[in-house]
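Visitor: I would like to understand the labels used for this protein. Could you walk me through them?

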Amino acid sequence: MMIWSPPLECLPRLDLQRMQAERLAGMVRRVYERVPFYRAILDRRGIKPSAINDLAHLQELPFTQKSDLLHHYPFGLLAVPLSQVVRIHASSGTTGKSTVVAYTRGDLDVWAEVCARCLALSGAKPGQVFQNAYAYGLFTGGLGMHYGAERFGLVVVPVSGGNTARQIMLMQDFGAGVLACTPSYALTLADALEARSNMPEMLRTLILGAEPWTEAMRQELESRWKVQAVNIYGLSEIIGPGVSNECVEAKDGSHICEDHFLVEVIDPKSETVLPDGEVGELTFTTLTKEALPLLRYRTGDLASVTTEPCQCGRTTARMSRIVGRTDDMLIIRGVNVFPSQVEAALVGMQHLSAHHQIVVTRVHHRDELEVRAEVSSAFFADVGAKLFADHANQGVKALHHIEDALKRRLHDALGLSVSVSLQPPGSLPRSEGGKLRRVTDERS
Ligand code: DLL
């Protein structure tokens, strides 16, 4: 087992907190001096930067929201002159302007460091071939992991996302040991590899993130790829990938790089800080960022955090999987539904593939949730084929059984009756290399 930075990742928590408090004090001073947006809020609230010298004071500080970044688009929140910025990234907003983030040379150094930590957490070994199938470009996934992997000592294949046939060829030819991509793209690649019936022999590790996924999806991907699949989390505003990563030893929550990112979990409505173990909105305060330092940035991601010791020996706090987002919770006839609950209920069911879509409509003033699920090609090649050959009726009956079983599971998981429509193998949208949208809400 390898820990990238033992003195920092295994620091006694009191020492860590002392370091965080010092860094926080410096950060607040810097943003007060250099970012008019923060100076104005702190002045309005009568907060003197010199008074923030303890982690307990964190709660006095203002939150930052995505809208603040958008209002100051593109460079209004920078704490350094643009001439000191050496890289820009942006996260693709679904509509309108995207969120622009910037890095100094020092920020890039920290970023490579935290991504290297994540690779060690994932169980990568220096010298392995690293196929980086996160998209290169304005998205932080590609370049973030790229420099982390170089720092770590992997043989980097900067293939970027998409072009599945080439991904597979390179994976085989170069002997990839570690693959990084979105979980939905790992599913696309698994389908393609199975169709050619040649899983890459050297592959040991999948590093999956940038979109939500579930334990059920981990089981599915690990058994199909015959590798370890670990979760990596991050967001552009805070740095990109590298905010946290599961350790392969425990796979029980993602270790947060707390010497750089100070985490809190808040109740998204009351904005009060929640205790360990309770699910709420993750907020991060950057402790070392130079170009774009952010105070209490509200991520919109819902998760819990624990500081219980981990079996791997690291002392950093761990965050749970993202169970949903403050903006992706669907309210169906008054019942709260997260897309992750649908995935957890569906993935791994016999005769269904893991591909699915969720469509919400309003019919005669009533919300309807439809889950589109794909019947596996194995079903039609095997059980289904026999049934249909014996008597078409039998085949159709078997499909009805599958549909009923899924309806029951979804009803149990969501406490809501939903409609289910089975789709032919290969018919639902696939990730073509990036994040996949699984939910369409047609109500508005
Ligand atoms: O997705 C950074 C990243 C790249 C993370 C590669 C991991 C790997 P953004 O495009 O700014 O940055 O999107 C950030 O994606 O607020 C979450 O909602 C979601 N997200 C990222 N990682 C995970 C994860 C990158 N492991 C937004 N599980 C975040 C669930 C995730 N959601």
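This is a predicted model: local features need pLDDT of at least 70, side-chain atom pairs count only at pLDDT 80 or more; totals for chains, interfaces and linings use all residues.

Visitor: Why is the contact between Asp301 and Arg325 called a salt bridge?

Guide: The term asks for a side-chain nitrogen of Lys or Arg within 4 Å of a carboxyl oxygen of Asp or Glu. Asp301 and Arg325 meet at 2.8 Å, N to O, so the pair qualifies.

Visitor: What does the pair Asp301 and Arg325 tie together?

Guide: Asp301 is in strand 12 (residues 297–303) and Arg325 in strand 15 (residues 324–325), so parts 24 residues apart in sequence are joined. Strands here are DSSP runs of E, at least two residues, and helices runs of H or I, at least four, numbered from the N terminus.

Visitor: How do you know whether Asp301 is buried or exposed?

Guide: Buried means under 20% relative accessible area, exposed over 50%, and partly exposed in between (1.4 Å probe, protein chains only). Asp301 has 9%, so Asp301 counts as buried. Arg325, at 29%, is partly exposed.

Visitor: What makes Glu343 and Arg438 a salt bridge?

Guide: Their closest N and O atoms are 3.6 Å apart, so the pair meets the cut-off. Glu343 is buried at 5%, and Arg438 is buried at 12%.

Technical notes:
Residues are numbered from 1 along each chain as its sequence is written. Side-chain values use heavy atoms; hydrogens and water are left out.
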